[in-house]
Amino acid sequence: MSKAKSFSDLVMGDTPVLVDFFAVWCGPCQMMQPILQETAQRVGDRVKIVKVDVDKNPMAANKYQVRGVPTLILFHKGKILWRQSGVVPAHQLVKVVDQFVRETV
């Protein structure tokens, strides 16, 4: 991922983006890290996975009405395709990516 891209550039792009809104102090958020790594290995470059710390990026969290962490949102060309709060197992995330990426590409 290019560091030069802003968050809005990223979610507006042609490649779908799965955003993990998290907080460092959040136990369930820490559980998501290995799940996201496994998901990334299984979906490859079909989707970008980005982590957004809600404490460091409150404007992004407010814009997307993130009320609890972890909250996962799948974006494509700026549109929210899917969102869910709480820990989501890797097999479910892969299913979500498969379902929505197939529909959008």
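1. A disulfide is a pair of cysteine sulfur atoms within 2.5 Å. By this rule the count comes to one disulfide, formed by Cys26 and Cys29 with their sulfur atoms 2.4 Å apart. The torsion about the S-S bond of Cys26 and Cys29 is about 80°, so this disulfide is right-handed.

2. The model is a predicted one, in which local features need pLDDT of at least 70 and side-chain atom pairs count only at pLDDT 80 or more, while totals for chains, interfaces and linings use all residues. Residues are numbered from 1 along each chain as its sequence is written, and side-chain values use heavy atoms, with hydrogens and water left out.

3. The relative accessible area is 4% for Cys26 and 3% for Cys29. Of the 105 residues of the protein chain, 42% count as buried.

4. The protein chain has four helices and four strands, where helices (H or I, at least four residues) and strands (E, at least two) are DSSP runs numbered from the N terminus. From the N terminus on, their order is α-β-α-β-α-β-β-α.

5. Along its principal axes, the C-alpha trace of the protein chain spans about 35 × 30 × 25 Å. Among contacts (heavy atoms within 4.5 Å) between residues at least 6 apart in sequence, 68% join residues at least 24 apart.

Methods:
Buried means under 20% relative accessible area, exposed over 50%, partly exposed in between (1.4 Å probe, protein chains only).
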